[in-house]
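Thanks for passing this one along. Here are some notes to read beside the structure.

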Amino acid sequence: MSRKRKNLPSTDFFSGDEMQKGLATLEIILATMIIAILASSAVPNAARLIDSVSLDYETKRLYSELRFIQEMSRSTTISDIGTGGTGIITDTGAEPTLIIYPDKNYYQVFRAADENNPIREPHYLSKGIKISSPKNKISFNSDGKADINSNHITLTSRFGKNKYLIFDSVGRIRASLTLPNE
């Protein structure tokens with residue numbers, strides 16, 4: 001008669017449940033490593049993208065302010081309706097001026113370069129964006145030509161990318177990634 005062995009341990013080292021638990025843990029570790037590798041390559045690209053979008057926004061905003069000043073300078077009459085005045089008056093000393101404060105990283109539009117008479121609220125540049133210009137007070141004459149020694153304003157991002165607002169000899173303003181050959 002043969003004897004049956006009862007309650008003897010299995011000869012398989014990894015039997016059913018233990019094997020499944022081990023693979024699930026290994027899968028989680030591998031998935032986490034893959035996600036970490038992908039994230040480490042995506043974060044610098046996202047930072048560059050955000051930087052580029054900020055630089056584009058600030059360039060467009062400054063361009064808009066300069067066009068506003070240029071249009072106001074071309075207008076030789078200023079209305080004083082609503083201020084108790086008689087209507088339209090001629091004011092040649094009220095040309096708006098954009099004043100750049102590069103050390104504080106903002107700019108503001110004033111009437112006739114008088115810092116006590118602002119037309120608009122100051123605009124602080126986005127974090128990481130720097131502005132530079134050879135002349136910190138920019139105005140336009142009645143023909144719409146910029147009263148600036150240099151023909152451009154430079155905006156620089158924290159990654160060193162530059163955008164230029166260029167003034168030409170006939171009064172046009174344009175944004176560019178490069179300076180024209182001088």
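The points below cover confidence, the sheet, the salt bridges and a few contacts.

1. Confidence is highest in strand β5, at 95, and lowest in strand β2 (residues 88–90), at a mean of 47. Over residues 84–90 pLDDT stays under 50, although the model has 16 contacts beyond four places in sequence for this stretch. Where pLDDT is low, predicted coordinates should not be read in detail.

2. Next, the sheet. It is open and antiparallel, with four strands in the order β6-β8-β9-β10. The edges are held by β6 (130–132) and β10 (173–176), each with a single partner strand, so one side of each has no neighbour in the sheet. On average, neighbouring strands are turned by 20 degrees against each other, direction ignored. Four bridges join β9 (residues 162–167) to β10 in the antiparallel sense; I166, for one, has R174 in β10 as its bridge partner.

3. Which salt bridge partner does D56 have? It is K163, with the closest N and O atoms 2.4 Å apart. Because D56 lies in helix α1 and K163 in strand β9, the pair ties together parts 107 residues apart in sequence. D56 is partly exposed at 25% relative accessibility, whereas K163 is buried at 16%. The structure holds seven salt bridges.

4. E65 and R120 also meet through their side chains in a salt bridge, at 3.4 Å from N to O. Here helix α1 contributes E65 and the loop between β4 (106–111) and β5 contributes R120, so parts 55 residues apart in sequence are tied together. E65 is buried, with a relative accessible area of 7%, while R120 counts as partly exposed at 33%.

5. Within helix α1, R67 and E71 sit four residues apart, about one turn of the helix, and their side chains form a salt bridge (3.8 Å, N to O). R67 is partly exposed at 31%, and E71 is partly exposed at 40%. Together with R74, these two residues are linked in a network of salt bridges.

6. S54, in helix α1 (residues 16–74), is buried at 18% relative accessibility and, beyond its neighbours within four places in sequence, is in contact with S126 and I129. Y124 belongs to strand β5 (residues 123–124); leaving aside neighbours within four places, Y124 is in contact with E58, K104, N105 and Y106.

How values were computed:
Residues numbered from 1 in each chain as written. Predicted model: local features only at pLDDT ≥ 70, side-chain atom pairs only at ≥ 80, totals over all residues. Heavy atoms only, no water. Helix = DSSP H or I, 4+ residues; strand = E, 2+ residues; numbered from the N terminus. Buried < 20%, exposed > 50% of the residue type's maximum accessible area, 1.4 Å probe, protein only. Contact = heavy atoms within 4.5 Å. Pairing = 2+ DSSP bridges. Axes fitted to C-alpha atoms, helices over the stretch in contact; angles between N-to-C directions. pLDDT = per-residue confidence, 0-100. Salt bridge = Lys/Arg side-chain N within 4 Å of Asp/Glu carboxyl O.
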